[in-house]
Amino acid sequence: MIQGISHITFIVKDLEKTAKLLTYVLDAQEIYSSGEKTFSPSHEKFFLIAGIWIAIIEGESLPEETYNHVAFKIEEKDIDKYLARIKSLALTIIEPRSRITGEGQSLYFYDYDNHLFELHTGTLEERLQAYQLLVYPEELVGYRNGQ
């Protein structure tokens, strides 16, 4: 039985540059660096971001940008703080997709190796409720009133 996510690994060209991005932009805590001794295919570093184990391993960058991404939850009040951090590292920011009321806001940016990250203010429950209101608004009236 699946118990949850163990870790997420990104292959990056420059471990130190990506480590700075993770610690500065995403508030990651570095917990391991392989140095010259490697147990994986290449040099690696481990981080914790909000309790999630993130690994970066030295290797070739992705050949192109895609919409595959990892999204981290942030508070809406912190959007400007994170946007300033992203801009200060001259990372590529992309416009968020159009949104409907109630599904939260997002900041999307690419790292140095074409990995897309999202910082998102909403939750799954909020998004599903927003979608449900558009598809079946009459059915949610009783739900929202506790019936």
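Me: What should I keep in mind about numbering and confidence here?
Reply: Residues count from 1 along each chain as its sequence is written, and side-chain values use heavy atoms, with hydrogens and water left out. In this predicted model local features need pLDDT of at least 70 and side-chain atom pairs count only at pLDDT 80 or more, while totals for chains, interfaces and linings use all residues.

Me: Is Ala-50 buried or exposed?
Reply: Buried means under 20% relative accessible area, exposed over 50%, and partly exposed in between, with a 1.4 Å probe and protein chains only. Ala-50 is exposed, at 78%.

Me: In what order do the strands of the open sheet stand?
Reply: Two strands pair if DSSP finds at least two bridges between them. Here four strands form an open sheet in the order β5-β8-β7-β6, with mixed pairing. Because β5 (69–73) and β6 each have a single partner strand, they stand at the edges, and one side of each is left without a neighbour in the sheet.

Me: In which sense do β5 and β8 pair?
Reply: β5 and β8 (residues 116–120) pair in the parallel sense over five bridges, and the bridge partner of Val-70 in β8 is Phe-117.

Key. Helices (H or I, at least four residues) and strands (E, at least two) are DSSP runs, numbered from the N terminus.
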